[in-house]
Amino acid sequence: MSKTIPGTTPFDGGAAQKGYALNKMCYSFNHKANRDAFLADPEAYMQQFGLNHEQAEAIRSKQVLALIDAGGNAYYLAKFAGIFGLDMQDIGAQQTGMTKEQFKAKLVAANQQC
């Protein structure tokens, strides 16, 4: 029996191993000094955590799907997105290819069906 959901990238053991450096870096953003250091010199900050090329490119692009494909965990990616003033609705909109307003309307409509 398959446990995959069409259109999703599961975060499993393989993704956790693949994204370890990326997620470790994003976790570091719990501290303001680290967020400031990243903003001051993103390349040096990424290098400090040993991000691979795919992960560094995903960070540069700020595209959630690329970050997830690079092994990013949504919980840790939210810390990265927060640096740029993005919230979980911004992330959801990116993941679904919608505008934030469209995504919010979809959430409201789904809530009304409950």
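User: Which pattern does the chain follow when read along the sequence?
Analyst: This is a predicted model, in which local features need pLDDT of at least 70, side-chain atom pairs count only at pLDDT 80 or more, and totals for chains, interfaces and linings use all residues. Residues are numbered from 1 along each chain as its sequence is written, and side-chain values use heavy atoms, leaving out hydrogens and water. The chain has 9 helices (DSSP runs of H or I, at least four residues) and 0 strands (E, at least two). Along the sequence, the pattern reads α-α-α-α-α-α-α-α-α.

User: How many cavities of 30 Å³ or more does a search of the whole structure find, and what volume has the largest?
Analyst: A cavity is a set of points on a 1 Å grid where a 1.4 Å probe fits but cannot get out. The search finds 1 cavity of 30 Å³ or more.

User: Which helix gives the most to the lining of the largest cavity?
Analyst: Lining residues have an atom within 4 Å of a point, and they include Leu77, Phe80, Phe84 and Leu86. Helix H6 (64-69), H7 and H8 each give two or more residues. The most, 3 residues, come from H7.

User: Is leucine 86 buried, partly exposed or exposed?
Analyst: Leucine 86 sits in the loop between helix H7 (74-83) and helix H8 (88-96). Because its relative accessibility is 31%, between the 20% and 50% limits, leucine 86 counts as partly exposed.

Terms used:
Buried means under 20% relative accessible area, exposed over 50%, partly exposed in between (1.4 Å probe, protein chains only). On a 1 Å grid over the protein atoms alone, a cavity is a set of points where a 1.4 Å probe fits but cannot get out, and a pocket is an open set with protein on both sides within 12 Å along at least five of seven lines; lining residues have an atom within 4 Å of a point. Grid points are joined across faces, edges and corners, and a volume is the space filled by probe spheres set on the points.
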